[in-house]
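Let us read a protein fold step by step.

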Amino acid sequence: MDLAWSEEQAERWGLTPPEEAVRVAGYLGLTYYRAPEPVVFYALPEVAGFPLTALRHLAGVAELRLRLGVPPDREAWRVSRKRLHPVEEPDAVWFTPEGPVAVEYDAGGYSRARVRAKGEAFARRFVGQVWGAPVPERVAYLKALLPGGRVLEAPWV
């Protein structure tokens, strides 16, 4: 269901990585602007070759699913398998009884203009949107740019 988890997520949530998961280790910051630290991801083979920044993003999306309590069911949650998305395409879609909800994770790399453009595009195409960020400062930043949007703190470590 999820394409990547950090080792810390797996431990915190009691998750067992799938047998086919690839262990990927390296150095990466919690956000784009934090100092790199040792990190380990469990990634499905199709994304294991992605840069660590993309695995961080996927782990953030997985954290959002877990925090929202969405079951690991493709009828309820679908994650994009693309490394890069156009503005109007979210990282994942949550299929709720009210309709599809755009799910987006921001580890601090989106400009103010990009956040606004994505928020506006999602508002046109989805019944709602949920954003996540790994640190409280970024959550506050996103809330200021996305009035009425739901923004959760969702650290991937």
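Q: Where do I start? How many helices and strands are there in the protein chain?
A: Begin with the source of the model, which is predicted. Then count elements. The protein chain has 4 helices and 8 strands.

Q: How do I judge the overall form? What radius of gyration does the protein chain have?
A: Set the value beside the one for a compact globule of equal length. For 157 residues, such a globule would come near 15 Å. The protein chain has 15 Å, so the two agree. Along the principal axes, its C-alpha trace spans about 40 × 35 × 25 Å.

Q: Now the sheets. What is the strand order in the open sheet of 3 strands?
A: The order is β1-β3-β2, and the pairing is antiparallel. β1 (4-6) and β2 (22-28) are at the edges. Each has a single partner strand, so one side of each lacks a neighbour in the sheet. Ignoring direction, neighbouring strands are turned by 30° against each other on average.

Q: How many bridges join β2 to β3?
A: Count them along the pair. β2 and β3 (residues 37-43) run antiparallel and are joined by 7 bridges. For an example, find G26: its bridge partner in β3 is V39.

Q: And the open sheet of 5 strands: what is its order?
A: The order is β4-β5-β6-β7-β8, with mixed pairing. The edge strands are β4 (77-79) and β8 (150-153), each pairing on one side only. From one strand to the next, the twist averages 20°.

Q: In which sense do β7 and β8 pair?
A: Follow the direction of each strand. β7 (residues 128-133) and β8 pair in the parallel sense, over 4 bridges.

Q: Which strands does α2 lie across?
A: Look for contacts, then for the angle. α2 lies across β4, β5 (92-96), β6 (99-105), β7 and β8. Its direction is at about 135° to β6. α3 also packs on the sheet, where it touches β6 and β7. The direction of α3 makes about 150° with that of β7.

Q: How do I find empty space?
A: Rolling a probe the size of a water molecule over the atoms shows where empty space is left. In this structure, the largest pocket has a volume of about 380 Å³.

Q: Which residues lie nearest the centre of the largest pocket?
A: They are Y32, H57, R83, L84 and Y110, out of 21 lining residues. Two elements give two or more residues to this lining: α2 (52-68) and α3 (112-125). The largest share, 5 residues, comes from α2. By class, the pocket lining has 10 nonpolar, 5 polar and 6 charged residues.

Q: How many cavities of 30 Å³ or more does a search of the whole structure find?
A: The search finds 1. The largest cavity has a volume of about 30 Å³. Its lining is D2, L3, L58, V61, A62 and V79. Again α2 gives the largest share, here 3 residues. The classes in the cavity lining are 5 nonpolar, no polar and 1 charged.

Conventions: Residues are numbered from 1 along each chain as its sequence is written. This is a predicted model: local features need pLDDT of at least 70, side-chain atom pairs count only at pLDDT 80 or more; totals for chains, interfaces and linings use all residues. Side-chain values use heavy atoms; hydrogens and water are left out. On a 1 Å grid over the protein atoms alone, a cavity is a set of points where a 1.4 Å probe fits but cannot get out, and a pocket is an open set with protein on both sides within 12 Å along at least five of seven lines; lining residues have an atom within 4 Å of a point. Grid points are joined across faces, edges and corners, and a volume is the space filled by probe spheres set on the points. Ala, Val, Leu, Ile, Met, Phe, Trp, Tyr, Cys and Pro count as nonpolar, Asp, Glu, Lys and Arg as charged, and the others, Gly among them, as polar. Two strands pair if DSSP finds at least two bridges between them. Axes are lines fitted to C-alpha atoms, for helices over the stretch in contact, and angles run from 0 to 180 degrees between N-to-C directions. Contact means heavy atoms within 4.5 Å. The radius of gyration is taken over C-alpha atoms; the globule rule is 2.2 Å times the number of residues to the power 0.38.
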